[in-house]
Amino acid sequence: MERVLEELKILGILRRKEVEEALKKIPRAEFLPEEVKQYAHLDTPLPIGYDQTTSAIHMVCMLCEETELKKGEKVLEIGAGSGYMASIYHEITGEEVLTIEIVPELAKFAKKNLRKLNLDSMIHVINADATFSLPFRTKFDVIIVTACSRDIPKEYVEMLDENGRLIIPVGAYQFSQDLILIKKTKEKIEKNKISEVAFVPLRGIGLVYKKS
Ligand code: SAH
């Protein structure tokens with residue numbers, strides 16, 4: 001992990017101490033299925049079962065840096081997967097994190113991983129389809145979507161607090177997606193392309209698309 005982090009610093013992807021500390025502290029191997037634990041230190045996406053992957057280390061880093069995630073902020077993640085990335089957000093913010101997962105078995109897997117590390121009282125995994133209905137009406141400082149959407153759901157933008165940020169991979173194809181950062185201020189909503197990415201697709205019945 002140390003070597004990967006040094007490289008990410010040189011590339012300018014890893015910029016802040018608190019992101020580095022979080023990546024050093026949370027053991028990625030503890031969030032991986034037995035057969036891929038040995039690859040935890042590699043900067044590559046890794047399979048977590050049910051055709052899903054946990055993001056590469058540089059991607060976890062990029063999501064935290066580009067959203068400028070910091071202490072005291074409230075985060076919502078769409079796509080809990082293994083629970084690893086939610087643990088990183090928690091480590092940076094020191095706050096409770098909400099994360100939604102559509103696959104019941106993965107929601108269970110994430111909960112089990114979090115319980116092992118005593119993080120389950122701070123990180124809440126909700127088994128639900130985040131394209132259909134979200135089980136709360138609260139606002140968030142940062143929303144991180146870890147599966148690719150065909151569009152930017154306006155419901156997610158509406159759930160941002162003032163000065164909130166939404167980061168979301170957008171595109172119709174698996175290997176041609178744009179990582180989009182939305183910043184909401186009192187006056188306007190700013191939209192910027194950060195990078196080209198390849199995330200697994202967001203599934204679900206997609207009510208958010210029909211409404212927007
Ligand atoms: N953040 C994860 C990796 C995410 S992979 C980690 O830390 O390991 C993307 C995840 O999004 C998958 O687990 C997939 O099942 C989930 N997902 C896909 N569509 C979803 C939806 N509509 N609602 C909630 N989760 C969804």
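Q: At what angle do H1 and H3 pack, and how far apart are their axes?
A: Two packed helices are described by the angle between their axes and the distance between the axes. In this predicted model, local features need pLDDT of at least 70 and side-chain atom pairs pLDDT 80 or more, whereas totals for chains, interfaces and linings use all residues. Residues are numbered from 1 along each chain as its sequence is written, and side-chain values use heavy atoms, without hydrogens or water. Here, H1 and H3 pack at about 50° with axes 11 Å apart, which makes H1 oblique to H3. Helices (H or I, at least four residues) and strands (E, at least two) are DSSP runs numbered from the N terminus. Axes are lines fitted to C-alpha atoms, for helices over the stretch in contact, with angles from 0 to 180 degrees between N-to-C directions. Angles under 35 degrees count as roughly parallel, over 145 as roughly antiparallel, 65 to 115 as roughly perpendicular and the rest as oblique.

Q: How do H1 and H2 cross?
A: The axes of H1 (residues 2-10) and H2 (residues 17-25) come within 10 Å and cross at roughly 160°, so the two helices are roughly antiparallel. Glu2, Leu5, Glu6 and Lys9 in H1 meet Glu20, Leu23 and Lys24 in H2, a contact of two nonpolar, no polar and five charged residues.

Q: Which residues of H3 and H4 meet?
A: The axes of H3 and H4 (residues 84-93) come within 11 Å and cross at roughly 40°. Val60, Leu63 and Cys64 in H3 meet Tyr84, Met85, Ile88, Tyr89 and Ile92 in H4; the classes are eight nonpolar, no polar and no charged.

Q: How many residues line the largest pocket?
A: A pocket is an open set of points on a 1 Å grid over the protein atoms alone where a 1.4 Å probe fits, with protein on both sides within 12 Å along at least five of seven lines; lining residues have an atom within 4 Å of a point. The largest pocket is lined by 37 residues, with Thr53, Thr146, Ala147, Phe199 and Val200 nearest its centre. E2 gives the most to this lining, with three residues.

How values were computed:
Contact means heavy atoms within 4.5 Å. Ala, Val, Leu, Ile, Met, Phe, Trp, Tyr, Cys and Pro count as nonpolar, Asp, Glu, Lys and Arg as charged, and the others, Gly among them, as polar.
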